[in-house]
Amino acid sequence: MENKTQYWKGIEELNREPEFVQLSKNEFAEGLPLDEVLNESDLNLSSNRRDFLKFFGFSVSAVALAACNKAPVKNVIPYVVQPEEVVPGVPNYYASTFKGTPVVVKTREGRPIKLEGNTKSSITGGGLDAAGQASVVTLYDSKRLPLPLKKGERSNWALVDKEITAALQSAESSGKGIRIVSGPVMGPVTQSIINDFKAAYPSARQVVYQGISYDGIYQSNEMCFGKAVIPTYRFANAEVVVSFGADFLGTWLNTLQYTRDYTSKRVPTKENPVMSRHIQFEGNMSLTGANADYRFPLRPSQEGQALMSLYNALAKQMGLTQLATPTKLEVAGNGIEESAKVLAGAKGKSLVVSGSNDPYIQSLVNQINLMLDNYGKTIDLDNYYMLRGGDVSFSDFVKEAGSLGAVIFYNCNPVFDTPEGAALKASLENVKLKVSTGYYQDETASICDFVAPDVHFLESWNLTEISRGKYSFTQPTIAPVFETRQAETSFAIWSNNAAIANNEFNYYEYIRNWAKNNIYDGVLGFDAWWNQSLHDGVFDKPELTPQVPSNNVLASDLVAKINTKVGNNDLILYTKVGMGDGSDGNNPWLHELPDPVSKITWDNYLALSLHDANELGIEQGDLVSVSNGKTTLDKVPVLIQPGQARGSFGIALGYGRSMGVKDVIGLDAFPFVGKMNGTSSYYVSDVTIAKVDGHYELAQTQTHHSIEGRDIVREATLAEFAKDSKVENHDELGRMRNEEGKLYNLWREFDYKGHKWGLAIDMNACTGCSACVVACSLENNVPVVGREEVRRRREMHWMRIDRYYAFRQEGEYLTREKDYDKMEDHQYVKAVHMPMMCQHCENAPCETVCPVLATTHSTEGLNQMTYNRCIGTKYCANNCPYKVRRFNWFRYNDNDDFNYYMNNDLGKMVINPDVTVRTRGVMEKCSMCVQRIQSGKLNAKLEGRKIKDGEIKTACQQTCPAGAIVFGDMNDPESQISKEFMNDRAYKVLEEIDVKPSVRYMTKIRNVEEKKSVSTAQH
C-alpha cells in the first residue's frame, strides 16, 4: 500500500532524538537497571499471590457494613440477618447523579465500586466522562474530613451547630449581613433550602460564581434576548460547525451531550456518505481542534477581529450591511472566507460557537447565528442548559467581604479557583463567622472558623435539573463512611427550617414533598411515580417548542466594544479534560490520565510553538518564568506543542493545589485570570517568557510504546469515500494465497464452536476523550503508579489512546521523513486518535514465546493470561507488535512508595472483587473484560436463553460518550459486531504481519476538499 502521508507520535519521534531512538531500540530499558529493580528491599516477595482475598477481610467488611449500620465495627462477623437486596457475589445497581450527569452505581456487598452512564438519560444516552468514572475513588479518599472542625480541630455536630447558629443570629441582629457563596446550584431542592435559609435570615444573600466562568454567555444572551441563560446547543442538527476556541468535545460546558450529538453527524456510511463539516479556529491544540476537518491557528486576542471578518464575509454574500471594522483579519488558508461560504450554504443547519468569556464577543456570535437563521434549530434558548443564579456578583462580594458578619462557603473553594483568592483571604480575616461545607480542608476551608463537611454524592439524596425540565435523581448507595452530614441538612438546622420535626430534619421527605408540588405529572400515583423515577434515575418534562428570540442588539453597536488590540504574546488559560478546575485535585486517576493532546500526566506546563521556542532559545523540558507585570510564575516546565499558534502560550488551570491534597502537583495559574468587559478573561496579552536555570522531565506517555514504521492509521476524504467505500482498504500487500484464496499461515486454524468475541472501533466517532482509559482501569484494578514510574515508561494502562500528528507545509501534508527538515513550524497539523489495547490475535505472537504457557488462546478467541503461571520473562511483551502488555515492576497495591489509593485499607474498597489484583513480576493486559463475559453467559444460562446481542459490554464500550466501540459475538451473523467487521471501512492494524487480530478499526474520513487527504500513517 502506497504510503502517501506520514504520522508521528510526537516531536521526539519526528526529530529522531537520540534518547527516543535508544529507548525504542531497547523497549525494556524502563528507568532503573533490571538488577537494581529486582533488588528492591522494601518488597515482601514471600506473600501468596492470592493476597487479593485478604483485601476483603476486616477493612472491607467494616465499610461494607456501613450500608446497614453507622456504628463502629469491632469484630468481623457474618450477616446475622442478611439484607434482602444483598446477595454475596451479585452486584446491585442504583441510579444517581454526578455533577449534573445521570449515572448508575454498581455496588458489591454494600460498596460502590464502579460508575456507568445512565442509558435512560435523554442528554447523555449512557455516556460518562473520565472525571465521572474516576469519581468513585474519592468516596474512599483518606483526605476527606471525617468529622466537623472548629478552629482546625476536631469537634462534634452538636457543638458546631450551636455555635454556628448563635453566630448567624448575631450577624443578622448586627445588620452586617450574611453571604452564602456557591457554585451554580443545579439542584432546585437545594436552592429551595437556601431560599428557606435566606427567609430565616433576611440579610442573607447568595453569591454564585464558577471557577471557570461562563458569564460572557449569560450576559450576552441577557443583552441580546433578555434571557440570562446558557442555551442548549444542538450539534446533532448542525451540518456545519465553526468554533472559535470552544473545546466543546473536551471541557466546554455540557461536553457529554455535545459529544453524543456531534459524533452522530460524523459517521458516513456506504448507503449515506454524508457527514457534517467542522472548522476550528484556536490558539491551543485542543481535543476539539484535533477532531476538526479544518483547523486554523488563531490567537485569542485576534478572535474579535476574526469574528467581525466572518460577519462581514457572510453579510457580503447575503447582501446585508457590513460592519465598519477598524481592521480586517484573514487567517492562513483563506479560512474566514471559506468558512463564510460553507456557513451561508447551510442556513438553519449550521452552528457558530465561541469559547470567549467576553460578553461582546459572545453577542457578535449571537448576531452571526441570527444571520444564519440558527435560533430555534441548532440553538435552543427555551430548553436552556443552565440558568444564571445568585443575588450578588462575586466581584462585589470580594469588595464587601471584610464588612460582613458571616460567610458560608457551600462546597466551593474561591480562595484557590478565583484570581481574587488572595484578596478574599485577606478580607475574610475581619469576618467573625466563616463556615465551609466542603469535605476537604482545602484552601478556603483552612481559613474558616468551622468546617461542616458535606457527604459524598454517593452518600446523599438530591435532585438535579440538568437543563430545563430534565431532572436527575441522586440516592445514597452507602451510608456515610465518615461522621459527615449533608449540607442541605446543615442549612436547615442552622435556620430552624419549618420542616424540622422532633429536632430532626429529614431531607429525603423534603425532596419528596418538593417533587410532589413542583414536577410530579399526575399520570401515576405519586408513590408509584416516585419509585419509578428513583429506579430510572431521570424524569423529563415535555420540552418547549424552541422559538426565534427577539433581538435587542445591533451588530454595529458592538464594534467599538470588542477588543481588537493584538498584543505581542498571548497566555491562554485553559482546563484539561481530566483535571478541570482543580476541584478533583486529589483524584490520582485524573492525574495519571494522559492529556488527550499532549499525553502529559501529573503536571501542567507551558505549551508553545516550535517557532516561538526557537525564537526564545528554549528546548523541551527547560524551565521558564512567565509574567504579565502583575503576576509571575517561576520554574514552569516547557512543552513544545504541535498545533500551537505562533505568539500564543498555554498553561492549564486547576493545578498547584496546596491544601486538602496529598501532594502539591503542578503550578497555580489562576492568579493570571484577568478581567475584560466585566467578566473573567482566560487569556492575558503581552506576557514575557524568560528561561531560568534548571530542567524538568515531564511524564509523557506518547512515545513510550512505539511501533516503528508500521501501517497504523488509514484516512481518506469524504469525496473519496463516496466514490469508493473501500478507499484505503483494498488489499495491496501482494501476499501469497492458497487455492482457497486464504493467506498461507504458520499457525493452526482455530474452530470456534461457541462464541468468538470481537471488538470494533470507529475512528470517526472516537474523539480521544479518554473516558475509556479510566473506565478500563477501574473495572480491572489497574494500579496508579505515579509520575516517576511514568517517566520510566512503566505506566500500567491496559488501554491507551494513541495520538498521531501529520504536519502540513505549504498546503501539503508531508509525505516523507526527509521533508520535515524544511519545516519552520508545527502549527499546521492534523491529528488522529486511536484507542489501542490487546488485539486478541488468532495468530498471537505472544502465545508462541511464553515458556510457561501463562498466555494462551481460549476457545472463544480471547488471548488470556494465567497470572499464577507468569514468571515475568517479558518475552510476550517483546513479541507483541502492538506493545499493549504491561509488567508489574512493583507490588503497587501494598507499597507505601505508591501512596495513591490501593495501598491503604480505605482505598481498597474500590477494588473490583471479580478481577484478580496482580502482584510483582506478573505481566498483564486487556482481557476484553472477561469477567463481564462470564457474568453475561451465567445470567443467560440461569434464565435458559441465549446471550442477546449487546447484552455484554466491555468497560470501554459502556462508558464511551460517542458510541465509538462495539463488542460482541462474531459467530452471530446478525450481531452488530459481525456487521461492523463486514463494513467497507473496517481494517486490521498491522494487517501485513497476519496475526489476525480480533479488533477492527474504521478508516478515518474527513470532510475536506483537499486533494488526497491521508492514506496510511507512520507511528
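Predicted model: local features only at pLDDT ≥ 70, side-chain atom pairs only at ≥ 80, totals over all residues.
The largest nonpolar core comprises 98 residues, and Trp589, Met834, Tyr882, Tyr901, Val989 and Tyr1001 have the most contacts inside it. Helix α24 (residues 771-779) gives the most to this core, contributing five residues. A second, separate core of 89 residues includes Ile230, Leu310, Leu381 and Val1008. Beyond its neighbours within four places in sequence, tyrosine 1001 is in contact with residues including Ile761, Met763, Met834, Pro835, Arg985 and Val989.

In total, 47 salt bridges are present in the structure. One of these joins arginine 108 to aspartate 914, with the closest N and O atoms 3.0 Å apart. Because arginine 108 belongs to strand β2 (residues 101-108) and aspartate 914 to the loop between β40 (886-887) and β41 (923-924), the pair ties together parts that are 806 residues apart in sequence. Arginine 108 is buried, at 6% relative accessibility, whereas aspartate 914 is partly exposed, at 39%.

A salt bridge is also formed by lysine 675 and glutamate 420, with a closest N and O separation of 3.9 Å. Lysine 675 lies in strand β28 (residues 674-676) and glutamate 420 in the loop between α16 (414-417) and α17 (421-427), so this pair ties together parts that are 255 residues apart in sequence. Lysine 675 is partly exposed, at 47% relative accessibility, while glutamate 420 is buried, at 16%.

Arginine 918 and glutamate 924 meet in a salt bridge of 2.9 Å, N to O. Arginine 918 is buried, with a relative accessible area of 5%, and glutamate 924 is buried at 0%.

How values were computed:
Residues numbered from 1 in each chain as written. Heavy atoms only, no water. Core = buried A, V, L, I, M, F, W, Y, C linked by side-chain atoms within 4.5 Å. Buried < 20%, exposed > 50% of the residue type's maximum accessible area, 1.4 Å probe, protein only. Helix = DSSP H or I, 4+ residues; strand = E, 2+ residues; numbered from the N terminus. Contact = heavy atoms within 4.5 Å. Salt bridge = Lys/Arg side-chain N within 4 Å of Asp/Glu carboxyl O.
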